[in-house]
Every structure is written in C-alpha cells, then in structure tokens.
Amino acid sequence: MAGEFTLRVITPNRIVVDEPVESVQIPALDGSMGILPRHAPMVAALQAGVLRYRGRSGEQVLFVSEGFAEVRDNLLRVVSEAGETAGEIDEKRAREAEQRARERLAHKGEAATATEAFDQLRAEGALRRALMRLKVLEYGSRDRVRS
Amino acid sequence: MEMVSTTKLRRFQDRAVASRPYANEIAQLLGHMAGVMGDRLGERPLFRPGRGKQTAVLVVTSERGLCGAYNSNMFRVVETWLSKNPGKKPIFFVYGKKGFQYLSKRGFEIERFFVEPPLEKLDYRGAKFVASALREAFLSGRFDEVLVFYTAFESVARFVPTRVTLLPVGAGGPDARQGGARDSAKRSTGDVILEPDVETLLEKLVPRYLETRIYNALLESLTSEYASRRMSMKNATDAATDMQGVLKKQYNRKRQETITKELLDIVGGAEAVR
C-alpha cells in the first residue's frame, strides 16, 4: 500500500468521519470513483449514494447525500448534507420514504407543468436517497456477519 | 427562566459551532470555483444584480418577547437602513412573530411570513426552505437584491444586528473573510481536476452556499435571542432579589415597632396599677 491519507466527512451538524484511510470510494455524479493516497487535487460533485472506505478498523460504509468531494494535500474532504453510518440509519423511515416516493412516481405520468416536473424530480431524489440508505444498511449488516 | 435560557443558549451555541466547518468548506469551494470561472462569473443570474426595482429583505426576529432589547435593536437597524435608502422599495420576508407584528403594524409590504418550522426547532432543512424561497424570489426578476437582517452573535454579552447582502452572490460574499481562501484557491486552480465541470459544480454549490448562510444567520439570531433573554432574565431576578431584601427589612422593622409598642403598653399598665 502506498500509505494513508485522511478522510474527513463534514455535514452541517457535525464531522462524521475524520480518520486515516487507505482507500475511499465516492459516489461521484457520473459514477463511483476510487481515491487512493497522493491523489491529484480534485473537486468533484457527489450524488446521494454509498461511500466506502478502508480505514484502520477495516472496511466501512457510509450513506452520503448530494454534496462535494475535494482532494488536496492528501486530504479528502467530503462535504455533504447527510452522512450516516449503517447504525444511524432509520430503516423504517427509509422504507417509508421509498414507498412514498414510489407511489408519487407511479401516480404521475408525463409531467405537464413545471411544478409537476419539479415534484417528480424531488420524488426521484427522495427515492434514490431511500434506496441508498437501505443499501448501506444491507452492506453494514453483511459486514457484521463476516467479522 | 434564567436557567432555561442559559441551557438553551448553550445548546444553540454548540450547534452554531458545529455547523461552522461545513459552512467554511462550502464557502471555500465556492471561492475556488469562482476563481476558476473568472470573468465569466458575471454572466450567471445569481451573480449579477437583478433587474427589478424592489428589494427583498429578510428580517429575523424572535417568536416571543421577554428578551430585552433584542427585537427593538433589530427594528432600529432596519429603520436606519430605510431612512438612508429612501429610493428602495422593500418587500419583507419575516422570520419570527415579533417582526411580523412590528412590520405589518407600520404598513410595510410583507411577502412572506415564515412560521414553519418554528425558529426554536430550526434545522438545516428549514434553512434550506427559506434559502430556496429567497433564491426563487430573486430569480423571478422582481428584485434588485436580497438583503438579510439578522443578529450576529459575538459573545454572550454582545450581539449586533447586522445587514448582509445575500444575493447577488459576490456583493457581500464570498465576503472579505473568505478573501484569503479565494486567493490561495486562485493560485492552485491551474492543476485541479474538476469533476464533471465548473458549471455543474457551481450550479450545485451556489444553493448550498446560500443555505449555509441562511442557516448561520438563523442560528446566530437564535443564539443571540437566548443570550439577550438570559441577560434580561438575570436582571429581572437581580432586581426582584433586591426588592425582596428591601421589603423584608421594612416588614421586620414594622413588626418590631408594633411589638415594642405593645410591650410599652403592658409595662405602662402594670406601673399604673402598682
């Protein structure tokens, strides 16, 4: 391994993660992206998704919502509105959100007005966040079984 | 009441501190992107003054009274600004019942009165809501700029009503404080990979940036409110304690006087019988 770098996940409420890691996978806007130590300086937009990283205590997964990632001086800063570990995710709430979003999307066919299109977009975003949260949960429980 | 305010003050203060890294990071990134955009920045609608004649003004006040001069200080600053800029046509956006009462009583035009979520239960989503309402108002083209009047929290004994320009971005911020970050970003922009590209990043950053500024303004106002309330409650408690001391002394003196008088009566009576 080419050493370590620092991962810092920052949300409006707190700093979720701040620790040395070996590798990180971030949900960039056009696909998952791997970051290794001594990555070139970069700014990337993130979509809601799963962030995986390998730290000193093994592989971890995290849910992040839309945000940004910035690499500079061997420090990866992930700035996102939400950052939750598997233990923090409310499964019931995520499932309900999924249900709601699905219903909303099923009812509406073609969006006729701008507001409708906007609502649809929002429902899609909500659906994505819910699904990603559930995915993190799934990974989290799988990791527990393995270890 | 003083104790209640103290605990609440501490809670909001902690939250204000916790939100700072996020806000700084967003502001820094925005400065960074602005540096990359350079002169093209002026073409974006959120970065140039609006065509409208009116000015959108967000005023943050408290929901309840009993907080000293917190609200009246705010109104004074608003009034001063109004008298200095007679040409402006302000349309108000208000957070907090006190501000709504004050402004509507004086016949100002209030476009929107935010009640949900109540300031006390403020979270990031609430700030997001306010920010997008203001952004849409600005983009509608009715306003030339969007101002925010809030109370900046400097210390538990110092809170200053402040006016900042929210939109267009760049008029008031990324402000002087982030100027340094902007410069350093400019120097390093040449070799930074942007994923996917500047436009997309900027488009996503600006709303976040506005949200953090609103969130910060609301949180600081809330913290100031409780600091102010704590102070006025402390003054009230102190005044009441003093008054209690004075009254107690008065009461004891009167009581002693009566006892002495009665004693004298009895002694006098006994003397006379002998």
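Two residues count as in contact if their C-beta atoms, placed from the backbone, lie within 7 Å. With that in hand, select chain B: among its contacts between residues at least 6 apart in sequence, 76% join residues at least 24 apart.

A word on what you're looking at. This is a predicted model, where local features need pLDDT of at least 70, side-chain atom pairs count only at pLDDT 80 or more, and totals for chains, interfaces and linings use all residues. Residues are numbered from 1 along each chain as its sequence is written, while chains are lettered from A and ligands numbered from 1 in the order in which they are written.

Now switch to cartoon view. Chain B has six helices and six strands (DSSP runs, numbered from the N terminus: H or I of at least four residues for helices, E of at least two for strands). Follow the chain along its sequence and you'll pass α-β-α-β-α-β-α-β-β-α-β-α.

Zoom out next. The C-alpha trace of chain B spans about 115 × 40 × 30 Å along its principal axes.

Next stop: select residues 124-139 of chain B, helix α4, and residues 198-273, helix α6. Which residues of α4(B) meet α6(B)? Tyr124(B), Ala127(B), Lys128(B), Val130(B), Ala131(B) and Arg135(B) do, and on the α6(B) side look for Pro207(B), Leu210(B), Glu211(B), Ile214(B), Tyr215(B) and Leu218(B). By class, this contact of α4(B) with α6(B) has nine nonpolar, no polar and three charged residues (Ala, Val, Leu, Ile, Met, Phe, Trp, Tyr, Cys and Pro count as nonpolar, Asp, Glu, Lys and Arg as charged, and the others, Gly among them, as polar).

Conventions:
Axes fitted to C-alpha atoms, helices over the stretch in contact; angles between N-to-C directions.
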